[in-house]
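Here are my notes on the model, point by point. Please read them with the structure open.

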Amino acid sequence: MTQEWEAGRLDSELEGAAFDTLAVRAGQRRTPEGEHGEAMFLTSSYVFRTAADAAARFAGEVPGNVYSRYTNPTVRTFEERIAALEGAEQAVATASGMSAILAIAMSLCSSGDHVLVSRSVFGSTISLFEKYLKRFGIEVDYPALSDLDGWKAAIKPNTRLLFVESPSNPLAELVDIRALAEIAHAKGALLVVDNCFCTPALQQPLKLGADIVMHSATKYIDGQGRTMGGVVAGRAEHMKEVVGFLRTAGPTLSPFNAWVMIKGLETLRVRMQAHCASALEIARWLEQQPGVERVYYAGLESHPQHELAKRQQSGFGAVVSFEAKGGKEAAWRFIDATRMISITTNLGDTKTTIAHPATTSHGRLSPQERANAGISDSLIRLAIGLEDVADLKADLERGLAAL
């Protein structure tokens, strides 16, 4: 097998390979230089052999790079690796998770279409649909995530997409993806699943019947809080439309960020296993603390969807949310009393983070929208990193003492 760029992909013999092998090897090509690591192509444009070659590439008549807004070898490696891990025909990378959602909506929806978005999603997702996409004639309604009968009742003849996070941010609420996919398909609609909290290491929504899966790759795909990025994956017929939107509108992933995320994928499973183990220990410990009203984590036997999580996920993720007794003032005292854990709204990092969703990630929502999403003033979200659990507990005890 040749290992030169022009001769083809190095993963031509990876069919049937295991997840961890695909995470390290899928999508890689080597240039004639013979580099072992993935090459980083920091170029905006490409040189063509002739005017006729340029015309043929721009017309799509022959394969090849055209312009890095939508064709870049490093970005393509990242896309092909994600597609392999999610079991998708094709993946398309974007500049951020929010631009991935925008690309889905703008490429697959038209004025007059109806979209169902779960109430239990990231605050900016609701803002995007409610404040911006509605301006272009897209109708939006917000069913409760786990209420399958509610989804059935909310679907209209013009419903185009059903959009969910499962698990949701920040309450770790789930939906039966397979059952919701059947509901969507019975009405001719597509199911889109934001798989950010699980990643393909813990859950593969396409294998459960979803049509499209997306990520804020800024989170666990990178895994170290270094870069911004997003990705959409699914059938080629749908991804063709997403590519068309990116080619025109340009919310493109940079080659450098793609390269960083390629390296993040190489350690994805081992990181997620470590995150999950620590998060479960912290969640069980928090349940025993007198200053904690309630803990939200699907790995707990007390979680109402624990059995569903065991069926459709291979792990429970790293995000643990809980209600502190005493409302907003108590939640803020808890957060401010910590010393090691980072007060920031990002998640998916090696470093544990802590945030107050009602005034940060969901702060732009109205009080009623927050109530609909279950975001109370006493809610605190932890995204458990890779520190020693004993040290994390010691820091959280400072917060508990402040209550």
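1. Helices (H or I, at least four residues) and strands (E, at least two) are DSSP runs, numbered from the N terminus. This is a predicted model, in which local features need pLDDT of at least 70, side-chain atom pairs count only at pLDDT 80 or more, and totals for chains, interfaces and linings use all residues. Residues are numbered from 1 along each chain as its sequence is written, and side-chain values use heavy atoms, with hydrogens and water left out.

2. Start with the 7-stranded sheet. It is open, with the order β1-β7-β6-β5-β4-β2-β3 and mixed pairing. Two strands count as paired if DSSP finds at least two bridges between them. β1 (90–94) and β3 (139–141) stand at the edges; each has a single partner strand, so one side of each lacks a neighbour in the sheet. Neighbouring strands of this sheet are turned by 20 degrees against each other on average, direction ignored. Axes here are lines fitted to C-alpha atoms, for helices over the stretch in contact, and angles run from 0 to 180 degrees between N-to-C directions.

3. β1 and β7 (residues 230–234) run antiparallel and are joined by 5 bridges. Valine 92 stands opposite valine 232 in β7. Helix α4 (residues 97–108) packs on the sheet and touches β1, β4 (159–165), β5 (190–194), β6 and β7. The direction of α4 makes about 150 degrees with that of β6. Helix α3 (residues 73–86) lies across β1, β6 (212–216) and β7, at about 130 degrees to β1. Contact means heavy atoms within 4.5 Å.

4. The other sheet is also open. Its 5 strands follow the order β8-β9-β12-β11-β10, with mixed pairing. β8 and β10 (342–343) are at the edges with a single partner strand each, so one side of each is left without a neighbour in the sheet. β10 runs parallel to β11 (residues 353–355), and 2 bridges join them. Isoleucine 343 has isoleucine 354 of β11 as its bridge partner.

5. Of the 47 lining residues, Gly64, Asn65, Thr71, Arg76 and Glu80 lie nearest the centre. α3 gives the largest share, 7 residues.

6. The second largest pocket has a volume of about 380 Å³. Volume is the space filled by probe spheres set on the points, with grid points joined across faces, edges and corners. Its lining has 23 residues; nearest its centre are Met98, Phe122, Asn169, Ser216 and Lys219. α4 and β6 each supply at least two lining residues, and α4 gives the most, with 3.

7. Finally, glutamine 288. It sits in the loop between α11 (268–287) and β8 (292–296).

Definitions and conventions: 1 Å grid on protein atoms, 1.4 Å probe; cavity = no way out; pocket = protein on both sides within 12 Å on 5 of 7 lines; lining within 4 Å.
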